[in-house]
Amino acid sequence: YLKQDLILIKVHSNGNTFGQTQKFHIDFQANDVWTFVLFTEENWNTQWGGEFVCFDGINKEYKYTPYVPNTGALIPSNWEHYGASPNEGTGNLRTTMAFSYTSLQSYDYIKDLPVVKSFYK
């Protein structure tokens, strides 16, 4: 999909339960960084919510990815995004691992940029 060699620059884990609302945020401000969010729960019913939401700034539309175990979403790291908390249908923890990558060509530039300090925008 990206058609270039990548280098891992950040790993982030997250977990939330019903009522722990997340806010839109970005991971990096640079254009040449991507984040893959992996849905890590083994057993999850999509009726429990927990979908991944991002704003596609190119097409000016929101995109929704249902939380399905062992799948995920790949987005540019400067797109606003968040993981919806589970709904009242479950007491289970919704967990994810996020992996951010940049191209080998951009690494020297990206590594010196400040990481977005706040998880929340």
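**Salt bridges and sheets, question by question**

This is a predicted model; the mean pLDDT of the protein is 88, with 87% of its residues at 70 or more. Over residues 117-121, though, the pLDDT is below 50, and beyond near neighbours in sequence that stretch has eleven contacts in the model.

User: What makes Asp56 and Lys63 a salt bridge?

Analyst: The cut-off is a Lys or Arg side-chain nitrogen within 4 Å of a carboxyl oxygen of Asp or Glu. In the pair Asp56 and Lys63, the closest N and O atoms are 3.0 Å apart, so it's a salt bridge.

User: And why does the pair Glu61 and Lys63 count as a salt bridge?

Analyst: Here the N to O distance is 3.9 Å, and the limit is 4 Å, so this pair counts too. The structure holds two salt bridges, and Asp56, Glu61 and Lys63 are linked in a network.

User: What about Lys63 and Glu61: why are they called partly exposed?

Analyst: Partly exposed runs between the 20% limit for buried and the 50% limit for exposed. Lys63 is at 31% and Glu61 at 36%, so both get that label.

User: How do you know that Ile7 is partly exposed?

Analyst: Ile7, which is found in strand β1, has a relative accessible area of 27%. That value lies between 20% and 50%, so it's partly exposed. Along the chain Ile7 is 97 residues from Leu104, yet their C-alpha atoms are separated by 6.0 Å.

User: What makes β4 and β6 edge strands?

Analyst: They belong to an open sheet of three strands, ordered β4-β3-β6 with antiparallel pairing. β4 (61-65) and β6 (81-83) each have a single partner strand, so one side of each has no neighbour in the sheet. On average, neighbouring strands here are turned by 15° against each other, direction ignored.

User: How do you know that β3 pairs with β6?

Analyst: Pairing takes at least two bridges, and three join β3 (residues 52-56) to β6, so they pair. They run antiparallel, and Cys54 stands opposite His81 in β6.

User: Why are β2 and β7 said to pair?

Analyst: Same test: at least two bridges are needed, and β2 (residues 33-39) and β7 (residues 94-103) have seven, so they pair, in the antiparallel sense. Thr35 stands opposite Ser100 in β7. Both strands sit in an open sheet of four, in the order β1-β7-β2-β5, where β1 (6-16) and β5 (72-76) are the edge strands, each pairing on one side only.

Key
Residues are numbered from 1 along each chain as its sequence is written. This is a predicted model: local features need pLDDT of at least 70, side-chain atom pairs count only at pLDDT 80 or more; totals for chains, interfaces and linings use all residues. Side-chain values use heavy atoms; hydrogens and water are left out. Axes are lines fitted to C-alpha atoms, for helices over the stretch in contact, and angles run from 0 to 180 degrees between N-to-C directions. pLDDT is the predictor's confidence in each residue, from 0 to 100. Contact means heavy atoms within 4.5 Å. Buried means under 20% relative accessible area, exposed over 50%, partly exposed in between (1.4 Å probe, protein chains only).
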